[in-house]
Amino acid sequence: MKIKHINLNFSKANTDKAAKIKHISLVKNKEIGYYVAQVDNFVQAHYHKKGDEIYHILKGRGLIYLGRLTKNLVRWERPKKIYKDDVIFVPAGYAHCLMNSRKEPLVLAFICPPLHLSKDRKVLNNPK
């Protein structure tokens with residue numbers, strides 16, 4: 001068993017250049033991971049072929065964009081406002097992008113397969 005405390009000090013966090021965020025891995029195995037991320041501006045639009053993703057907003061507010069993929073085109077839904085304590089479920093295969101709407105960083109926890117941070121991630125253009 002592993003017990004970790006959520007530390008919101010991102011000074012030593014990994015910088016994810018593809019997603020444009022800083023994140024800390026708290027616990028993970030081959031199947032699932034629990035991470036905390038700091039979003040200064042946005043999470044770059046992307047999707048994953050396998051495995052769902054769950055976001056939990058810990059601090060801040062913003063917008064989340066979800067979109068269906070059809071023949072490599074994304075049909076973005078209308079963005080939804082997100083606030084502290086909101087939980088967002090993103091099904092596998094859905095494009096998603098998160099925008100911070102404040103000057104202060106948006107902080108979130110997310111649960112996903114570890115491959116979402118490497119091999120199973122296709123980066124897309126952000127919605128306009």
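Modeller: Asp 85 has a relative accessibility of 53% and therefore counts as exposed, the cut-off being over 50%. The model is a predicted one. Asp 85 sits in the loop that runs between strand S8 (80-83) and S9. Its phi is positive, about 80°, although the residue is not a glycine. For context, most residues other than glycine have a negative phi.

A second residue with this backbone feature is Lys 20, which is not a glycine either and has a phi near 70°. Lys 20 belongs to the loop between S1 and strand S2 (21-28). With 46% relative accessibility, Lys 20 counts as partly exposed.

Six strands form an open sheet in the order S1-S2-S3-S11-S5-S9, and their pairing is antiparallel. Strand S1 (14-16) and strand S9 (87-90) are the edge strands; each has a single partner strand, so one side of each lacks a neighbour in the sheet. From one strand to the next, the twist averages 30°. In general, strands of a sheet pair through backbone hydrogen bonds.

The partner of S9 in this order is S5, and the two strands pair in the antiparallel sense over four bridges. Within this pairing, Tyr 55 stands opposite Ile 88 in S9. Strand S5 covers residues 53-59 and includes Ile 54. At 32% relative accessibility, Ile 54 counts as partly exposed. Together with Val 87 and Phe 89, Ile 54 makes a nonpolar surface patch of about 270 Å².

A search of the whole structure finds three aromatic pairs. One of them joins Tyr 35 and Phe 110, whose ring centres are 5.0 Å apart and whose planes stand at 20°, so this pair is stacked. Tyr 35 lies in strand S3 (residues 33-39) and Phe 110 in strand S11 (residues 106-112), so the pair ties together parts that are 75 residues apart in sequence. Both strands belong to the sheet, where S3 and S11 follow one another in the order. Tyr 35 has a relative accessible area of 1% and is therefore buried. Phe 110 is likewise buried, with a relative accessible area of 3%.

Another of the aromatic pairs is made by Tyr 65 and Trp 76: the ring centres are 6.4 Å apart and the planes stand at 85°, so the pair is edge-to-face. Tyr 65 lies in strand S6 (residues 61-70) and Trp 76 in strand S7 (residues 73-76), eleven residues apart, and the pair links distant parts of the chain. Tyr 65 counts as buried because its relative accessibility is 13%, under the 20% cut-off. Trp 76, by contrast, is partly exposed, with a relative accessible area of 26%.

Note on methods. Residues are numbered from 1 along each chain as its sequence is written. This is a predicted model: local features need pLDDT of at least 70, side-chain atom pairs count only at pLDDT 80 or more; totals for chains, interfaces and linings use all residues. Side-chain values use heavy atoms; hydrogens and water are left out. Patches are made of residues with over 30% relative accessible area and no salt bridge: like charges are joined within 9 Å, nonpolar side chains (Val, Leu, Ile, Met, Phe, Trp, Tyr) within 5 Å. Accessible areas come from the Shrake-Rupley method with a 1.4 Å probe; for residues, only the protein chains shown count as cover. A salt bridge is a side-chain nitrogen of Lys or Arg within 4 Å of a carboxyl oxygen of Asp or Glu. Buried means under 20% relative accessible area, exposed over 50%, partly exposed in between (1.4 Å probe, protein chains only). Two strands pair if DSSP finds at least two bridges between them. Axes are lines fitted to C-alpha atoms, for helices over the stretch in contact, and angles run from 0 to 180 degrees between N-to-C directions. Rings of Phe, Tyr and Trp (its six-membered ring) pair if their centres lie within 6.5 Å; planes under 30 degrees apart count as stacked, over 60 as edge-to-face and the rest as tilted.
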